[in-house]
Amino acid sequence: MIWKDEGELFVRCKKNPILTVNSWPYNVSSVFNPAAVMVNNTTILLVRVEDHRGFSHLTVARSKNGIDSWEIDPKPTFSSDPTYHSEEIYGIEDPRITYIDEIGKWAIAYTAYSDSGPLTSLAYTEDFDNFERLGAIMPPENKDAAIFPTRLNGKWAMLHRPVSNIVGAKANIWISFSPDMKYWGEHEVLLYAREGGWWDARKIGLAPPPMKTSDGWLIMYYGVRQTTSKKSYRLGLALLDLEDPTKVLHRSEGWVFGPREMYERTGDVNDVVFPCGWILVGDELRIYYGSADMSVAMASAKMSDVMKYIRECPGEQCPEQYYK
């Protein structure tokens with residue numbers, strides 16, 4: 001089968017970047033990597049904000065149209081609490097939000113930065129003003145986690161990305177299961193990073209939380225390509241089985257979105273587009289992403305085009321021919 005280059009699926013918002021440090025009501029160093037949800041026809045972003053120590057916290061920004069006229073909380077909305085949660089001593093980062101209908105709360109999976117490195121923590125909220133911490137749910141190093149919105153075969157499921165310090169080890173996306181969202185097991189690799197010259201060789205990680213569609217769970221993930229002079233973060237797609245998310249139905253070969261504009265090319269970390277949230281507005285799928293670890297931007301695609309694209313991607317994962 002001859003591969004056809006479809007190019008990028010997502011089109012950038014003309015007002016990008018939609019949030020910068022100049023938007024903020026208090027002093028900050030950078031704003032990026034937002035989670036995104038829709039509540040009562042209002043777009044809510046939970047934005048990672050880095051202060052001038054280099055530590056991060058999370059702040060809510062609200063907009064009726066999801067593009068401009070943002071109302072930003074006048075102080076940090078959700079900050080680290082190292083007194084009672086020592087795993088957060090160096091801040092909290094990169095949230096992913098999932099509404100859990102069974103408990104009537106939003107589950108926020110985020111990265112806590114500890115003395116031992118980054119790890120996955122979980123909190124609940126009903127109003128994005130008050131937060132209930134469950135604490136650390138994965139040991140370091142682990143990040144890029146998100147919860148599925150419903151139980152699957154009676155268990156909660158979570159995607160995450162552990163990292164090994166062994167030289168040559170790949171960073172793959174894993175899936176795990178839990179009876180209560182606190183204790184997790186049945187760990188297995190879901191998506192493997194490819195090898196060689198691929199755009200997603202050696203290191204991948206989850207971007208927004210999984211989105212339920214009639215065809216399966218839609219996954220967006222990032223891949224990191226290392227060249228001699230730099231790393232580039234780009235985005236791809238995968239589709240998982242609705243009943244058994246350990247089954248990968250389709251996976252994109254090329255990236256569907258990558259750094260191109262100057263606000264994505266140059267910043268604290270160059271050549272990065274990094275979404276932690278997406279929202280479906282009618283047939284418009286919007287991704288909200290951090291650009292070069294400095295600002296927040298938005299891009300969108302028709303959901304019908306996205307699903308058509310992923311359905312035409314390879315239908316199985318075969319390490320011998322697909323990764324290598």
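# A walk through the predicted model

A search of the whole structure finds zero disulfides, a disulfide being a pair of cysteine sulfur atoms within 2.5 Å. Cysteine 13 is in no disulfide, and the nearest cysteine sulfur, that of cysteine 276, is 19 Å away. Cysteine 276 is likewise in no disulfide, its nearest cysteine sulfur being that of cysteine 13. Cysteine 13 counts as buried because its relative accessibility is 14%, where buried means under 20% relative accessible area, exposed over 50%, and partly exposed in between, with a 1.4 Å probe and protein chains only. Cysteine 276 is buried too, with a relative accessible area of 0%.

This is a predicted model, in which local features need pLDDT of at least 70 and side-chain atom pairs count only at pLDDT 80 or more, while totals for chains, interfaces and linings use all residues. Residues are numbered from 1 along each chain as its sequence is written, and side-chain values use heavy atoms, with hydrogens and water left out.

Consider next the strands. Helices (H or I, at least four residues) and strands (E, at least two) are DSSP runs, numbered from the N terminus. Two strands pair if DSSP finds at least two bridges between them. Strands of a sheet pair through backbone hydrogen bonds, either parallel or antiparallel.

Strand β21 covers residues 295–302, and seven of its eight residues are buried. Strand β1, residues 11–12, runs antiparallel to β21 and is joined to it by two bridges. In this pairing valine 11 stands opposite serine 300. Strand β20, residues 284–291, also pairs with β21 in the antiparallel sense, over eight bridges. Here arginine 286 is the residue opposite serine 300. β20 and β21 form a hairpin with three residues between them, and alanine 292 in that turn has a positive phi of about 55°.

Another group of strands is an open sheet of four, in the order β10-β11-β12-β13, with antiparallel pairing. Its edge strands are β10 (142–147) and β13 (185–191), each of which pairs on one side only. From one strand to the next the twist averages 30°, with axes taken as lines fitted to C-alpha atoms (for helices, over the stretch in contact) and angles running from 0 to 180 degrees between N-to-C directions. Within this sheet, five bridges join β11 (residues 156–162) to β12 (residues 173–178), and the two run antiparallel. Methionine 158 stands opposite serine 176 in β12.

The second largest pocket has a volume of about 430 Å³. On a 1 Å grid over the protein atoms alone, a pocket is an open set of points with protein on both sides within 12 Å along at least five of seven lines, whereas a cavity is a set of points where a 1.4 Å probe fits but cannot get out; lining residues have an atom within 4 Å of a point. Grid points are joined across faces, edges and corners, and a volume is the space filled by probe spheres set on the points. Of the 18 residues that line the second largest pocket, Ile97, Tyr99, Trp106, Met211 and Trp278 are the closest to its centre. The elements that give two or more residues to this lining are β2 (30–39), β6 (92–100), β15 (211–213) and β19 (273–281). β2 gives the most, with four residues. By class, the lining divides into 15 nonpolar, two polar and one charged; Ala, Val, Leu, Ile, Met, Phe, Trp, Tyr, Cys and Pro count as nonpolar, Asp, Glu, Lys and Arg as charged, and the others, Gly among them, as polar.

Some backbone details remain. Most residues other than glycine have a negative phi, and most peptide bonds are trans. Asparagine 33, in strand β2, has a positive phi near 50°. Asparagine 33 is buried, with a relative accessible area of 2%. Arginine 202 also has a positive phi, near 75°, and is found in the loop between β13 and β14 (204–206). Arginine 202 is partly exposed, at a relative accessible area of 37%.

A cis peptide bond joins asparagine 16 and proline 17, with omega about -10°, and proline 17 lies in the loop between β1 and β2. The peptide bond from proline 140 to glutamate 141 is cis as well, with omega near -10°. Glutamate 141 is in the loop between β9 (132–136) and β10.

Threonine 83 has its place in the loop between β5 (71–72) and β6. Threonine 83 counts as exposed because its relative accessibility is 66%. The C-alpha atoms of threonine 83 and glutamate 102, 19 residues apart along the chain, are separated by 31 Å.
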